[in-house]
Amino acid sequence: MTQQPAPNFGQAWPTLVFMPYLAYLDTTQRAQLLGTRGGTDTFWRYVGPHEVAHQWWGHIIGWDSYRDQWMSEGFAEFSASLYVQMIRGHDKFIDFWEDQRRQIIQASPATKDKKPYTIGPVTQGYRLNSGKTGAVAQRLIYPKGAYILHMLRMMMFNQREGGDARFQEMMKDFVKTYFNQPVSTEDFKSIVEKHMTKDMNADGSGKMDWFFNQWVYGTQVPAYRLEYKVTSDGVLSGKITQSGVTDDFVMIVPIYLDMGKGWIKLGSARLAGNSSVDINNLKLPAVPKRVGVAEMKDVLATSIEVKN
């Protein structure tokens, strides 16, 4: 790893990582040079893990065309989240994904005041950039590409069956199958389908078309609302509502409980279109402090509202 004269981006080559020279300065020095934002932007903290991850995503695994570049940048950004989770802890991990979410859904001067997710799918790559959309591709192929893999990871996560074991097996298979080859989005989809869980078979087809059509080839992002109540003897009732999508949009939404020691996954609800799913008198082992949905940022959403 070494510095390069460029101030605000890194580059990765096989066995060589170029870091922006400003990453070698501390927060105070960067703030003096660039102002407050330059001194506090999380980019500086995570550019290193992102560029190192390109040794796998971009080098060992290439991309077939510009339509598939989202995997290189998105998977590298996702890998940075693993660094955050393991080194900086759970709270910073959640902060990392909240920052990614905001980049995707919020308009900014850099995107000509347009919400990035509405402009086009990640498979359009840098063609999304124009005089009318600014640098919108940067706000999609990086954060949304990362979020796509994060959602797959969380759907596959099972604490009772080795946690990330199934997801890790899938990613190792992906690397082994396409080692030193350019890969397409459909190549990755075929690997996901090989390792998908029963719960991931949301449309009953045994395929992951539903997920890729919505999140990779599509532009929709849903909103969620949870209304619930818990009785004094631990009986949970409530309703989860999905909105802001078309009738054929399907998602698996995880439900979480906080029993006083952090969030634990209770189960999942399948929602289709703009609809609700009821939770009817579910007896819990104890009274939870809180109930939530997608508390691990499991699902990309424009908003998640919880009402107790």
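Trainee: What separates Arg101 and Glu98 in helix H5 (residues 90-105)?
Mentor: The two residues are three positions apart in helix H5. Helices are DSSP runs of H or I with at least four residues, strands are DSSP runs of E with at least two, and both are numbered from the N terminus. The spacing of Arg101 and Glu98 therefore comes to about one helical turn.

Trainee: What kind of model is this?
Mentor: Residues are numbered from 1 along each chain as its sequence is written, and side-chain values use heavy atoms, with hydrogens and water left out. Local features need pLDDT of at least 70, side-chain atom pairs count only at pLDDT 80 or more, totals for chains, interfaces and linings use all residues, and the model is predicted.

Trainee: How far apart are the closest N and O atoms of Arg101 and Glu98?
Mentor: The pair forms a salt bridge. That term asks for a side-chain nitrogen of Lys or Arg within 4 Å of a carboxyl oxygen of Asp or Glu. Between Arg101 and Glu98, the closest N and O atoms are apart by 2.9 Å.

Trainee: Is Arg101 buried or exposed?
Mentor: Buried means under 20% relative accessible area, exposed means over 50%, and partly exposed lies in between (1.4 Å probe, protein chains only). Arg101 has 14%, so the residue is buried.

Trainee: Which helix holds both Lys189 and Glu193?
Mentor: Their side chains meet in a salt bridge, 2.7 Å from N to O. Lys189 is buried at 8%, and Glu193 is buried at 16%. They lie four residues apart, about one turn, in helix H9.

Trainee: Where does Lys207 lie?
Mentor: Lys207 forms a salt bridge with Glu193, the closest N and O atoms being 4.0 Å apart. The pair links distant parts of the chain, 14 residues apart. Glu193 is in helix H9, while Lys207 is in the loop between H9 and helix H10 (209-216).

Trainee: What is the relative accessibility of Lys207?
Mentor: Lys207 counts as partly exposed. For Lys207, the value is 41%.

Trainee: How many salt bridges does a search of the whole structure find?
Mentor: Some share partners, and in this way Glu98, Arg101, Arg102 and Lys297 are joined into one network. Over the whole structure, the count is eleven.

Trainee: Which strands stand at the edges of the open sheet of three strands?
Mentor: The order is E9-E8-E11, with antiparallel pairing. Two strands pair if DSSP finds at least two bridges between them. One side of each edge strand is left without a neighbour in the sheet, because each has a single partner strand: these are E9 (263-272) and E11 (290-293).

Trainee: What is the bridge partner of Leu257 in E11?
Mentor: Strand E8 (residues 250-258) runs antiparallel to E11, and four bridges join them. In E11, the partner of Leu257 is Val291.

Trainee: Which residue stands opposite Ala12 in E3?
Mentor: Strand E2 (residues 11-13) pairs with E3 in the antiparallel sense over three bridges. Strand E1 (residues 2-4) runs parallel to E3, also with three bridges. Opposite Ala12 stands Val17.

Trainee: What phi does Thr15 take?
Mentor: Thr15 sits in the loop between E2 and E3. That hairpin has two residues between the strands. Thr15 is exposed at 78%. Although Thr15 is not a glycine, its phi is positive, at about 70°.

Trainee: In which strand is Asn281 found?
Mentor: Asn281 is not a glycine, yet it has a positive phi of about 45°. At 60% relative accessibility, Asn281 counts as exposed. Its place is in strand E10 (residues 275-283).

Trainee: What is the radius of gyration of the protein chain?
Mentor: The chain has ten helices and twelve strands. The radius is taken over C-alpha atoms, and the globule rule is 2.2 Å times the number of residues to the power 0.38. For 308 residues the rule gives 19 Å, so the chain is as compact as a globular protein of that length, with a radius of 20 Å.

Trainee: What share of the 308 residues is buried?
Mentor: The C-alpha atoms fill a box of roughly 65 × 45 × 40 Å, taken along the principal axes. Of the 308 residues in the chain, the buried share is 49%.
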